[in-house]
Amino acid sequence: MSKRTHTLVSFDLCPFVQRSAITLQHKGLAHETRYIDLFDKPEWFLAISPFGKVPLLLVEEDGEQTVLFESAVINEYLDEVSDEAGLGRLHPSDPLTRGLHRAWIEYGSALLMAGYQLSMAKDDEALQTHLAATRTALARFEAGLGDGPFFADKTLSLIDTALAPALQRLLWLEALWPELGIFSDTPKVHAWGKHLVGLAAVKKSTVPDIHDRFVAYLQGKGSPTRDVAPSLFGQRAG
Ligand SMILES: N[C@@H](CCC(=O)N[C@@H](CS)C(=O)NCC(=O)O)C(=O)O
């Protein structure tokens, strides 16, 4: 039987890539990670990435390469084809529940974008706008959460692998600026995020110095090809 190989095309700081990296780690699937600089995209990447975005999952079998794109789609594929760790499926079998999980994952992308814009805010008006959007999205998750420790109670699902990167970054922002009260109305989401960032699969899903790189990015030092002003969070980091 032929063997498939998997390569995750990544950018070190990308939370969308991290969603798939967490799923790969949790599922115990052998893979390589190939990093690119998103501020200087290589030609080979532009040729195969329809949106010009990471992640891509390059799937090789019998000399043929298939390029999967979009983190939520990659995660569903990984869930369906792999279970080296014998932990079972991360998507529910009931179609309605599965649909709901897909919907929450899509909403998780909105939370990611709100949190990203918050992290990059350079004046008070932008800060307040994106803080409000972030807190609104967190409140939706608060209302949807069960008893924990995962979104769907005791079982890890693709919602958790998709949301962990967003929550990890918001916890880093909270540590930089506690008085902002990012999570002040959403204690269940806060506990959920804390639980997720402690998982081995999440810890192994990034470069080891991801926190330092995240802070450097806020400070405007994210890439040798960029020279930007620090965000308000970056200024707090010093
Ligand atoms: N919907 C996409 C979003 C991926 C995404 O926005 N990736 C960012 C990096 S975190 C990217 O590649 N941006 C490059 C660009 O927009 O030019 C997914 O879930 O995979």
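In these legends a residue is called buried if 20 or more other C-beta atoms lie within 10 Å of its own, exposed if 12 or fewer do, and partly exposed in between, with C-beta atoms placed from the backbone. The model shown is predicted, and for that reason local features need pLDDT of at least 70 and side-chain atom pairs count only at pLDDT 80 or more, while totals for chains, interfaces and linings use all residues. Residue numbers start from 1 along each chain as its sequence is written.

**Figure 1. Overall view of the predicted protein with its 10 helices and 4 strands.** Helices (H or I, at least four residues) and strands (E, at least two) are DSSP runs numbered from the N terminus. Along the sequence these elements follow the pattern β-α-β-α-β-β-α-α-α-α-α-α-α-α. The C-alpha trace spans about 60 × 45 × 25 Å along its principal axes, and buried residues make up 33% of the 238 residues. The radius of gyration, taken over C-alpha atoms, is compared with a globule rule of 2.2 Å times the number of residues to the power 0.38; for 238 residues a compact globule would have a value near 18 Å, and the protein agrees with 18 Å.

**Figure 2. Close-up of strands β1 and β2 and the helix α1 that connects them.** Strand β1 (residues 5–10) and strand β2 (residues 32–35) run parallel and are joined by 4 bridges, where two strands are said to pair if DSSP finds at least two bridges between them. The chain passes from β1 through α1 to β2 in a right-handed β-α-β crossover, a term meaning that, with the strands pointing away from the viewer, the path from the first strand over the helix to the second runs clockwise. Thr-7 has Glu-32 in β2 as its bridge partner. In α1, 13 of 13 residues are buried, and Gly-28, which follows the helix, has a positive phi near 70°.

**Figure 3. Close-up of Val-54, Pro-55 and Glu-70, with their backbone geometry.** Most residues other than glycine have a negative phi, and most peptide bonds are trans. The bond joining Val-54 and Pro-55 is cis, with omega about 5°, and Pro-55 sits in the loop between α2 (43–48) and β3 (56–61). Glu-70, although not a glycine, has a positive phi of about 80°; this residue lies in the loop between β4 (64–69) and α3 (71–81) and is partly exposed, because 17 other C-beta atoms lie within 10 Å.

Figure 4. The peptide bond from Gly-148 to Pro-149 is cis, with omega near 10°. Asp-153, found in the loop between α5 and α6, has a positive phi of about 60° although it is not a glycine. Asp-153 counts as exposed because it has 11 C-beta neighbours inside 10 Å.
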